[in-house]
Amino acid sequence: MGTLSAPVTRSGPSRIEQLAARRLREEKRWKRERFALRLERWWADVEAGLGAVYDPEVAAGLGERLVVLAAGAYSERPGDLARLDEQRILRPDWFQSESMLGYAAYADRFAGDLAGVAERVAYLEELGVTYLHLMPLLMTAEGDSDGGYAVADYHRVRPDLGTIDDLRALAGRLRRSGISLVLDLVLNHVAREHPWARAARGGDARHRAFFHLFEDRELPDAYEMHLPEVFPGLAPGNFTWDDEVGAWVWTTFNSFQWDLDWSNPEVFAALAEVVLFLANLGVEVLRLDAIAFLWKRMGTDCRNQPEVHAITRALRGLTRIAAPAVALQAEAIVGPEDLVGYFGSGADHGKLCDLAYHNSLMVHTWSTLASRDTRLAAHALSGLPPKPTSTAWVTYVRGHDDIGWAVSDADAAAVGLDGGAHRRFLSEYYSGAFPGSFARGLVFQHDLGTGDRRISGTTASLAGRDTAGDDPVELDSVVGRILLAHAVALGWGGVPVLWMGDELAIGNDGEWAGEAGHDADNRWVHRPRMDWERAELRHLSGTVEQRVWSGIRHLAAVRSRLPQLHASIPTDVLPVVDPGVLAVARRHPLGPLVELYNFTESPRSYPAGVIEEHSGLRVGSGTDALTASEVRPDDDGRVRVAPYEALWVLDRSL
Ligand code: GLC
């Protein structure tokens, strides 16, 4: 008689179980059994993922290597992390909690180096941060490294920032303060100086097979027919001729970032080792950089291919087995129709990334601030397919990258707009060219083929800080826009991530082009160095810094008390009645939360009847959680929403 959980038809341990048992033979029995249970739970995902990508024999051989790798990482996992694993197995929704608050920064620009970051933990705690994304900090080559996204060694930290031991220590320090360390896993490409690329350049056949190399232009030209360009100005085309390797190398991003060939199982095995290495250092979330680009298919744009999802499924299964405390986050800045696929759709439902950036929400927040019309946002956001309830969006007002106007033509047409014209309007608005624009961003990578003009700029500069001068009314609008955008991000459910400096309304960095290797890439305009003197102003009443800082802190504090903001709850967009107001509802067994956002500088209103009809919330007994004051409809039955005001309405009688 087997145990209850054992499959009835089992004839004995599988090859995979045997290999694991062999690797763990020195371990105590309970530790071996714990691993066996995880295999029982998660191995099917590894198998399904590999099986969808590689030939059966290749997949089987790779699986055997991976289980030994996972068992090794499991066996060597430090005690405190093993404990965290158990905690998170018991509480798998840890990253969905309403008390999550993210912060993203370059270690050097925030605090000098890794030791400096540890000294600034108090600042993060003051803000309520529970998730810290430190921008790429692993070893890069000399010169331009695309902000660290060209990794030359996954096992070493950039020497100016510290060592692997410093990184491990920092992860522990953060964890003791309840802050999860988030690092990039740059898995689409490596630096031309990475040992794999060096070996390929030296003629080593094994490593040449790590990359997409072409002797002549025939295939590159055929691929190019369907490939968009990521950096049309900085790095035109998707292939680079390299004399040393004697071939055209696939380089989606910069010429010094060599795309890996994931159809080669050796690449999978190598990156899987990196994942488990980072996990055992104490990294708790891996941001899968440029994940959409991993798989190439002739005749397509080589983005969002099904194999990308299969690879993610296998990687996640493996991570869950060896280090279940670790979550995976997709960095897929793709159109709305492809976004939800990164959480897993169909048979992959809920089996891929735990977290994914909500690019659409970010784009529509800025689009609506410029147009003062919520109809497009309401249409686009309500049209997104539902995401699995076990996952979470990463919401953000802006990141370290430019803003690309991912507004679909179909969404625009549905509300009577021309997609191309609206995208042009947004580029002109945010670069300050549009008459009366409050924004002062820079155009990033004007694509002459498609007409796309992406935008660089800090939140404060895009929200009008540079144009407001000292005018108190204008400054009110600036603060209003910044806090409104953050209220939307914090009110959407998931992990809201603040970009360093936005909490203090820091404007564009006027000196951005002065640093070595930065002058051709104006994204550096919105990656300033932290100004710690200025940060002191957060305590000086009445300053813009203080108003924004305390406003964001307040939003985060209120949010952490609202179970309605747990990421498992969907956000439903309510009908647009006044085009200045975006209304959404989150229905929870403890009662609904209705959020009203006025995207304009004039007073607006929303009918209580529509709220009641669509959310069940009785507005007559409503309280705004943000001001702790009663919400009363006026005699005309409408709830007033002041310029740039956000209301988070609960039923106080519940
Ligand atoms: C991601 C990063 C971006 C980088 C690119 C290539 O999109 O966010 O900064 O340039 O990947 O690694």
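A cavity is a set of points, on a 1 Å grid over the protein atoms alone, where a 1.4 Å probe fits but cannot get out; its lining residues have an atom within 4 Å of a point. This is a predicted model: local features need pLDDT of at least 70, side-chain atom pairs count only at pLDDT 80 or more, and totals for chains, interfaces and linings use all residues. Residues are numbered from 1 along each chain as its sequence is written, and side-chain values use heavy atoms, with hydrogens and water left out.

**View 1. The second largest cavity.** Its lining consists of L227, P228, V230, N238, W250, T252, F293, K296, D301, C302 and R303. The volume is about 60 Å³ (the space filled by probe spheres set on the grid points, which are joined across faces, edges and corners).

**View 2. The largest cavity.** The largest cavity holds about 70 Å³ of space. Two elements give two or more residues each to its lining: β4 (151-157) and β5 (180-186). Strands here are DSSP runs (E, at least two residues), numbered from the N terminus. β5 provides the largest share, four residues. Among the lining residues are L134, Y154 and D184.

View 3. Of 13 residues around the ligand, D146, H189, D289, H400 and D401 come nearest (a residue is near if one of its heavy atoms lies within 4 Å).

View 4. A polar contact is a pair of N or O atoms within 3.5 Å. From a polar side-chain atom to a ligand oxygen atom, the distance is 2.6 Å for D146, 2.8 Å for D289 and 2.4 Å for D401.

How values were computed. 1 Å grid on protein atoms, 1.4 Å probe; cavity = no way out; pocket = protein on both sides within 12 Å on 5 of 7 lines; lining within 4 Å. Polar contact = N/O pair within 3.5 Å; in protein donor to acceptor, adjacent residues only side chain to side chain.
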